[in-house]
Amino acid sequence: MAIQEVSKFVLGDMCLVFEEETDYNRLGFYMLPADLADQRVCDKKFYRINSLAQVKLVGDIYPNCYGHGQTMHNCETANLMEYESQEVVKKDFGQEIHTCFRDQRGYRLENIITYYEGEDSFEMKNIFYNESREEVSLEMLSSFEMGNISPLLEGMGTDSLLVHRLRSKWSHEGRLVTETVEDLQLEPSWSNWSVGVERFGQRGSMPVMKYFPFVSVEDAKNHVLWGAQLAHEASWQMEIYRQDDGLHLSGGLADREFGHWIKKVEAGESFETPKAILTVCQGDIDYLCHRLVSAGEKYMKDLPASEEELPIIFNEYCTTWGCPSDENIAGILEAIGDKGFDYFVIDCGWFKEDGVPWDISMGDYNVSPSLFPEGLEKTVSRIRQKGMKPGIWFEIDNVGPAAKAFQMTDHLLKRDGKPLSTYTRRFWDMTDPWVEDYLTDKVIGTLKKYGFEYMKMDYNDTIGIGCDGYESQGEGLRQNMEASVNFVKKVRDQVPGIILENCSSGGHKLEPLMMSICSMASFSDAHETPEIPIVAANLHRAILPRQSQIWAVIRETDSLKRIGYSIVNTMLGRMCLSGDVTNLRDDQWDVIDRGMAFYRQVAGIIKEGRSYFQSPRITSDRHPQGYQVVTRVGKGGETLVVIHCFHGDLPEYIQVKLPEGAGQRLQSVYAYDQPEVKLEEGVLSYKTTENMNAVAIHLA
């Protein structure tokens, strides 16, 4: 088995090495931090090249080595894809690397790496071309394949490789889980023959359910990490694959085995995968996540001008609980009109009929005559008179059983010939031109008619494995969700300057594709719970904090300490308030007002910076013990330190060693009381006084 280097590219501080197994004309690639590229020990490892072209056609031989049923990696189709050529294409934004493979039966695959100059990551995707004379069916096509992890370790690197994933469930988004390769049974066998695979992902239209579309492997001995994110709205998968000393990462669309996906490609046609975002670095998992998440910064340049200063939002949902009206909104506006809120969002229920809950009546979207007797014009005018941009809620894709739309079965998704139904939802066929026209009228028409400048887009159930009407249910799901994303883009095109909030039962759609076309997202549905700061901190590893909308729900029964805790939570992202604002005392408002003023001081750090986690591990989200520290260092060294004290014993002082480049001068402190905070020789000290208390500290 002869392996030779074919090419090497340095993209920023990353070195990409393409190498070929010459006996089979099989090309793969691996990568390292550029300044460590000369330290690789590949000659002291036994590893096989896995083709960069991981693809499976129906009818071709399935994988060997007990892989069949747990992976399609290294099947016959992939092994027949011979390396043909490689070309660098210069672009205004940077460069692309096009690597071409050809199967002599008439199939071609092009792997495209896209690098934006100055970024710490790059994108990868594959395009499959059917240049034969017959239709073929794909049942697996990965977006990326990354091999030879770790080229710095001799042999299999026993006890040196860690796997990081972000687990997720409703109101518990983004929990970091770290496991050893050994615990995942990814050590090679004594023969280096049988394969080990950890295939994971999610099936359905909530892409952040069970896991975020993310994986990282760490060489803990050399502190080098490799990581990937997928930008995809439907079912996806990641695979950690091993047969010998080299560990491999791959991922993309969920395949036939995992996601019920088959895709026909006619003669002369092609199919393109979702993109993956890849990086490698020396450091820790938080730095790797920062590099991946920062790839989203380029899309922030296209946001409405009002988003520049990270405006503060008021959403009335936790005030009216799904029953907004002109009358109660008028009362809310009187209470908050001079507080400096920038956006006011009318949440769900503005369409509900008397006695019918909002969560089973979405879909018709007729303004409720009982809640808004004079229509929405008057209410929108009230919002504007208070100096705020008006926003409104839609659940675009789904319909509830109390809506007339629920019976429009010709235009709803089906499975096995029956309307695809859960207890509270059916789903529009977003590929149906009639549905697009209907939603253009109901959604875009409403936004234009009343002059709404903000839309909250909710999504409160999942389609599951897929739907009828296509070569596979998984392909039906993929096409439906592609049409859904395209409709959101149509909203943005037809309502210039619209501010879009990405919501899906809170945080079930926090993936790079949707985040690239939205101003922000609901971070979670954890509205009033003690674990809000834990979830909010988790999400620094998954999305830009400037896009993470965190709620402070204030109750008239809240103590000042509780209000301060809630307000400090929002310093971990975008500030959004709701709750009993019409009944608050002056001293309660004083805590809120001071928090809003402090937030405006530190908004620039939230907008652009790097986050550091400097606290013991919190084992329970629901009943947290101990404390949490998140330090965010912005441009020029301005720094925000956010500390939360939970239950249990606390140290007398929480001491935070500030990261390199952090501010060294105490600027201001926010808490409900007057905390003792000291800064000496790069160490910040906060004297703890009570459980379930919080403080935010601004350094310059």
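Author: The account below starts with a helix pair, then turns to strands and ends in the loops.

This is a predicted model, in which local features need pLDDT of at least 70, side-chain atom pairs count only at pLDDT 80 or more, and totals for chains, interfaces and linings use all residues. Residues are numbered from 1 along each chain as its sequence is written, and side-chain values use heavy atoms, with hydrogens and water left out.

Take helix H11 (residues 560-569) and helix H12 (residues 586-607). Helices (H or I, at least four residues) and strands (E, at least two) are DSSP runs, numbered from the N terminus. The axes of H11 and H12 come within 10 Å and cross at roughly 20 degrees. Axes are lines fitted to C-alpha atoms, for helices over the stretch in contact; angles run from 0 to 180 degrees between N-to-C directions. H11 and H12 are therefore roughly parallel. Angles under 35 degrees count as roughly parallel, over 145 as roughly antiparallel, 65 to 115 as roughly perpendicular, and the rest as oblique. The crossing of H11 and H12 is right-handed. That label applies if the near helix is turned clockwise from the far one by less than a right angle, and left-handed if anticlockwise.

H11 brings Leu560, Ile563, Gly564 and Ile567 to the contact, and H12 brings Asp587, Gln588, Val591, Ile592 and Gly595. Contact means heavy atoms within 4.5 Å. By class, five of these residues are nonpolar, three polar and one charged. Here Ala, Val, Leu, Ile, Met, Phe, Trp, Tyr, Cys and Pro count as nonpolar, Asp, Glu, Lys and Arg as charged, and the others, Gly among them, as polar. An α-helix has 3.6 residues a turn, so residues three or four places apart point the same way.

Helix H3 (residues 285-293) is mostly covered: nine of its nine residues are buried. Buried means under 20% relative accessible area, exposed over 50%, partly exposed in between (1.4 Å probe, protein chains only). Among the buried residues of H3 are Asp286, His290 and Arg291.

Now the strands. Three of them form an open sheet in the order E1-E2-E3, with antiparallel pairing. Strand E1 (3-11) and strand E3 (26-33) are the edges, and each pairs on one side only. The twist averages 20 degrees from one strand to the next. E1 pairs with strand E2 (residues 14-21) over eight bridges. Two strands pair if DSSP finds at least two bridges between them. Leu11 stands opposite Met14 of E2.

E36 pairs with strand E39 (residues 683-687) in the antiparallel sense over five bridges. Ile654 stands opposite Tyr686 of E39.

Last, the loops. Lys509 sits between strand E29 (499-502) and helix H9 (512-516). At 5% relative accessibility, Lys509 is buried. Beyond four places in sequence, the residues Lys509 touches include Glu233, Tyr459 and Met481.

Ala267 lies in the loop between strand E18 (263-265) and strand E19 (270-272). Ala267 is partly exposed, at 36%.

Backbone exceptions close the account. Most residues other than glycine have a negative phi, and most peptide bonds are trans. The bond from Ile149 to Ser150 is cis, with omega near 0 degrees. His223 has a positive phi, near 55 degrees. His260 has a positive phi of about 55 degrees. His260 lies in the loop between helix H2 (256-259) and E18.
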